[in-house]
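Hi everyone, thanks for coming. I'd like to walk you through one structure today, taking the sheets and helices step by step. Have a look at it first.

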Amino acid sequence: MSLKIEEIKSLIKEAMPDAKITIQDLAGDENHYSATIKSKAFVGKSKIEQHKLVYRALKGKMGNELHALALNTMEI
Amino acid sequence: MNENIKQKINNIVSENEVCLFMKGTPEVPQCGFSLAVSNVLKHLKVNFKGINVLEDSEIRESIKEYSDWPTIPQLYIKGKFVGGCDIVKEMFEKGEIQNMLKEQKIKYKDSK
């Protein structure tokens, strides 16, 4: 079970078209990533809500196909 | 999620001021993310209850629905979901966890 960087990016883009996304494959195993995401969608939201937006964009893959995605979300 | 398990989680988070649903135990964490959150709490010398979800598959699945959060670890303070590893680390670096503990009158020690 793994998810490629491009797949993660396109899922996030689909939900947040303005998102600026940087993703690193931390272990080189397509399973442990770190992502920095900047979007207007995060404005006025708590960190929990911001991360939930990203998890929702990943449509249930987080915690399943995608084992680990460290998140750093920022408002634009 | 059935009512029994929901009640069980309600009881855990209300009976323990600070509790961490994690993989492994605070003594022997089984996952780097659980280790990181556990270390933040240990660093702050906070008395917390660790719940090893690897020993309870029912809790492991239901806690995600309970908090609407797909990953473990999950930290709760006074019954409220605080966040997972990234959020807890960021809050610690900004001193926000410390403020939250202070507001909730929970003992901790900041050695910074």
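So, what is the order of the strands in the open sheet of chain B? The order is 2-1-3-4, four strands with mixed pairing.

Before I go on, a word on where this comes from. This is a predicted model, where local features need pLDDT of at least 70 and side-chain atom pairs count only at pLDDT 80 or more, while totals for chains, interfaces and linings use all residues. Residues are numbered from 1 along each chain as its sequence is written, and chains are lettered from A and ligands numbered from 1 in the order in which they are written.

Okay, chain B as a whole. Chain B has five helices and four strands, and starting at the N terminus they come as α-β-α-β-α-β-β-α-α. Helices here are DSSP runs of H or I with at least four residues, strands are runs of E with at least two, and both are numbered from the N terminus. The radius of gyration of chain B is 13 Å, close to the 13 Å that the globule rule gives for 112 residues, so chain B is as compact as a globular protein of that length. That radius is taken over C-alpha atoms, and the rule is 2.2 Å times the number of residues to the power 0.38.

How much of chain B is buried? Buried residues are 35% of the 112; buried means 20 or more other C-beta atoms within 10 Å of a residue's own, exposed means 12 or fewer, partly exposed is in between, and the C-beta atoms are placed from the backbone.

Back to that sheet. A quick reminder: strands of a sheet pair through backbone hydrogen bonds, either parallel or antiparallel. We say that two strands pair if DSSP finds at least two bridges between them. Strand 2 (49-52) and strand 4 (80-83) of chain B stand at the edges, each with a single partner strand, so one side of each is left without a neighbour in the sheet. On average, neighbouring strands in this sheet are turned by 25° against each other, direction ignored. For angles, the axes are lines fitted to C-alpha atoms, for helices over the stretch in contact, and the values run from 0 to 180 degrees between N-to-C directions.

Now find strand 3 of chain B, residues 74-77. It runs antiparallel to strand 4 of chain B, with three bridges joining them. B:Leu75 has B:Gly83 as its bridge partner, and B:Tyr76 has B:Phe81. Between these two strands is a hairpin with two residues, and B:Lys78 takes a positive phi near 50° there.

On to helices. Two packed helices are described by the angle between their axes and the distance between the axes. Helix 1 (residues 3-15) and helix 3 (residues 57-67) of chain B pack at about 80°, with axes 10 Å apart. That makes helix 1 and helix 3 of chain B roughly perpendicular, the word for 65 to 115 degrees; under 35 is roughly parallel, over 145 roughly antiparallel, and the rest oblique.

And chain A? Its open sheet has three strands in the order 1-2-3, with mixed pairing. Strand 1 (20-25) and strand 3 of chain A are the edge strands, each pairing on one side only. Strand 2 (residues 32-39) of chain A pairs with strand 3 of chain A in the parallel sense over eight bridges, and A:Tyr33 is partnered with A:Leu69. Helix 2 of chain A lies across strand 2 and strand 3 of chain A, at about 120° to strand 3.

Last stop, where the chains meet. Ten residues of chain A are in contact with eight of chain B, contact meaning that C-beta atoms, placed from the backbone, lie within 7 Å. Helix 2 of chain A gives the largest share of chain A's side, five residues.

Terms used:
Contact = placed C-beta atoms within 7 Å.
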